[in-house]
Amino acid sequence: MSDIAPTRPVPVTTEPPLVRALLIGLAVAFVALFLFAPLVTVFAEALAEGGRGVIAALSLPDARAAIAMTLTIAAIAVPLNAVFGIAAAWAIAKFDFRGKAVLITLIDLPFSVSPVVAGLTLVLLFGANSALGAWLMANDIRIVFALPGIVLATLFVTFPFVARELIPVMIEQGRAEEEAALTLGAPGWRIFLTVTLPNTRWALLYGVLLSNARAMGEFGAVAVVSGKIRGETATMPTMVEMFYNEYLSVAAFSLAAVLALLALLTLLLKSLLEWRHADLLAATRRH
Amino acid sequence: MNIEIEDIAKDFGTGRALYAVSLSIPSGALIALLGPSGSGKTTLLRILAGLEYPTSGRVRFDGADATGLSVQDRRAGFVFQSYALFRHMTVFENVAYGLRARPRRTRPPEAEIARRVTRLLELIQLPDIGPRYPNQLSGGQRQRVALARALAIEPRMLLLDEPFGALDARVRKDLCQGLREIHDRTGLTTVFVTHDQDEAMALADLVVVMSMGRIEQVGRPAEIRARPATDFVRAFTAA
Ligand SMILES: Nc1ncnc2c1ncn2[C@@H]1O[C@H](COP(=O)(O)OP(=O)(O)O)[C@@H](O)[C@H]1O
Ligand SMILES: [Mg+2]
């Protein structure tokens, strides 16, 4: 036994100090370079002419219209996709039916199609050159270069987020609790509201936050269908680009800073909810 | 309530789980479905609960045809193999679930629900665990909570799938005793599934031995021990 006695006790679950320092250093450097530095740059550039510059930039009618547009789009698209995502995930995770594999693949489609292509498809489908577009025009319904088109494009690109978050969680949880509720006499809608949804609410929240971030930040698809009409269809990301191209650096970065703040706010909200419901969170996760 | 199972067969896409099984369960009996894994015990129990529909055959409760009756209308208290407690609800909320889910006109007032839940928690000898979450309970405690939850709906029968399967020997013995007492006190027709012949023989009034989707023998424990009807029963009970 004495021949294997270590000179110094080494904890079996940790790496040597050098390796640890290297890994931690690498992670910190990466976070600093790719996450922190850009964020700081955005705020620094926005504040290049001081707080007044930011206020002036955000008071520009074009900037305010873009902020209103982006918030409107998110307010419409995110709830719609939450509902769709819940329905799709529920169907896929809790029922067996023909064509399930096809549905799963279709949900992922927006991940693999370039947003610009998605935008172009909408323009081709609803634009003035198509039969549908001509009919819509004749009836004075505007889709392309208007809010409905932008909402459609946003719905398309944010399609997978909620469903993708929910499906694995729902599959992992299986049907046992729903079946238990059935034997206890609960009707289907009640089971959905009191068992299925509460059990998946963290995944749902996460999916909604991701979907919201993407809805507010989407550039490519929206740039194509919106036509980027200033003060009318331009969203925050497309307006940032236009300001930047016009060398209105403070305006561009001020708007970009608002976008970044909105993103930080959603993250803060999520952390707050997780912190307030820590006990429930622990209870609903299986170990 | 007596239960008649008449020529119940069940096909899954992958094969046949039950071959025209018939069985008569007298009111108030404590019955064990005994057989090796894959013999169709769970499938038969789920058909009784209405969680699975038979491919052919009928089920009668007290003589009335119940084959097409929905799960909710059957009022079968079901204890799942993994208990299936609602993990985001406290023990109290779990037990109260069935009463709160009733339509308004038959739903007891909240004070009455609280009284009944308290009484059930006393019945399973865990009066103080109401505020806890399922993941804060031991396996044996979860099993008893699942039983209390099933009893809360004032079921017409009690169905239990491998109720003691995942527990260690000592807890198992206690809970077997507990189930027997609860059965005797409530007088509920009770069917439980097990692959453990000692458990079946010790606890049940009547043992139903199953193998490969068929019933091999139905009889009192002593009868089955003394006169096994088939080679399978002889081999299985000798093991
Ligand atoms: N949902 C299902 N889909 C397909 N086959 C199933 C399903 N449930 C059970 N089976 C099959 O039916 C047979 C009986 O299963 P089960 O009733 O669970 O047996 P036991 O409970 O006696 O172990 C097994 O061969 C099993 O694979
Ligand atoms: Mg089974």
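A residue counts as exposed when its relative accessible area is over 50%, and as buried when that area is under 20%. The views below show a predicted model.

**View 1. A nonpolar surface patch that includes A:Leu33.** A:Leu33 has 55% relative accessibility and therefore counts as exposed. The residue is part of helix α1 of chain A, which covers residues 17-46. Together with A:Phe30, A:Val31, A:Phe34 and A:Leu35, A:Leu33 makes a nonpolar surface patch of about 550 Å².

View 2. In an unreviewed UniProt entry, residues 67-274 of chain A carry the annotation "domain: ABC transmembrane type-1". That span is 81% helix and 0% strand, and its end C-alpha atoms lie 28 Å apart. UniProt also lists several stretches of chain A as "transmembrane region", including residues 113-136 and 247-269. Residues 113-136 are 75% helix, with end C-alpha atoms 26 Å apart. For residues 247-269 the helix share is 91%, and the end C-alpha atoms are 34 Å apart.

**View 3. The surroundings of A:Ser226.** A:Ser226 lies in helix α11 of chain A, residues 220-226. Its relative accessibility is 0%, so A:Ser226 counts as buried. The side chain of A:Ser226 reaches the backbone oxygen of A:Val222 at 2.7 Å and the backbone nitrogen of A:Lys228 at 3.0 Å. Leaving aside residues up to four places away in sequence, A:Ser226 touches A:Phe145, A:Ile150 and A:Thr233.

**View 4. A salt bridge between A:Arg230 and A:Asp62.** Side chains of opposite charge can pair when their charged atoms come close. Here the side chains of A:Arg230 and A:Asp62 meet at 2.9 Å, N to O. A:Arg230 sits in the loop between α11 and α12 and A:Asp62 in helix α3, so the pair ties together parts of chain A that are 168 residues apart in sequence. A:Arg230 counts as partly exposed, at 34% relative accessibility.

View 5. B:Glu199 and B:Arg172 meet through their side chains in a salt bridge of 2.9 Å, N to O. B:Glu199 is in helix α7 and B:Arg172 in helix α6, 27 residues apart. B:Glu199 is buried at 7% relative accessibility, and B:Arg172 is buried at 19%. In the other salt bridge, the closest N and O atoms of B:Asp205 and B:Arg180 are 3.2 Å apart. B:Asp205 belongs to the loop between α7 and β9, whereas B:Arg180 belongs to helix α6. B:Asp205 is partly exposed at 25%, as is B:Arg180 at 21%.

**View 6. A salt-bridge network in chain B.** Salt bridges link B:Arg102, B:Glu112, B:Arg115, B:Arg116 and B:Glu154 in a network. Over all chains, the structure holds 27 salt bridges.

Terms used:
Residues are numbered from 1 along each chain as its sequence is written. Chains are lettered from A and ligands numbered from 1 in the order in which they are written. This is a predicted model: local features need pLDDT of at least 70, side-chain atom pairs count only at pLDDT 80 or more; totals for chains, interfaces and linings use all residues. Side-chain values use heavy atoms; hydrogens and water are left out. UniProt positions are given in the numbering used here, feature names are shortened, and annotations may be inferred rather than shown by experiment. Helices (H or I, at least four residues) and strands (E, at least two) are DSSP runs, numbered from the N terminus. Patches are made of residues with over 30% relative accessible area and no salt bridge: like charges are joined within 9 Å, nonpolar side chains (Val, Leu, Ile, Met, Phe, Trp, Tyr) within 5 Å. Accessible areas come from the Shrake-Rupley method with a 1.4 Å probe; for residues, only the protein chains shown count as cover. A salt bridge is a side-chain nitrogen of Lys or Arg within 4 Å of a carboxyl oxygen of Asp or Glu. Buried means under 20% relative accessible area, exposed over 50%, partly exposed in between (1.4 Å probe, protein chains only). A polar contact is a pair of N or O atoms within 3.5 Å; within protein, one must be able to donate a hydrogen and the other to accept it, and residues adjacent in sequence count only if both atoms are side-chain atoms. Contact means heavy atoms within 4.5 Å.
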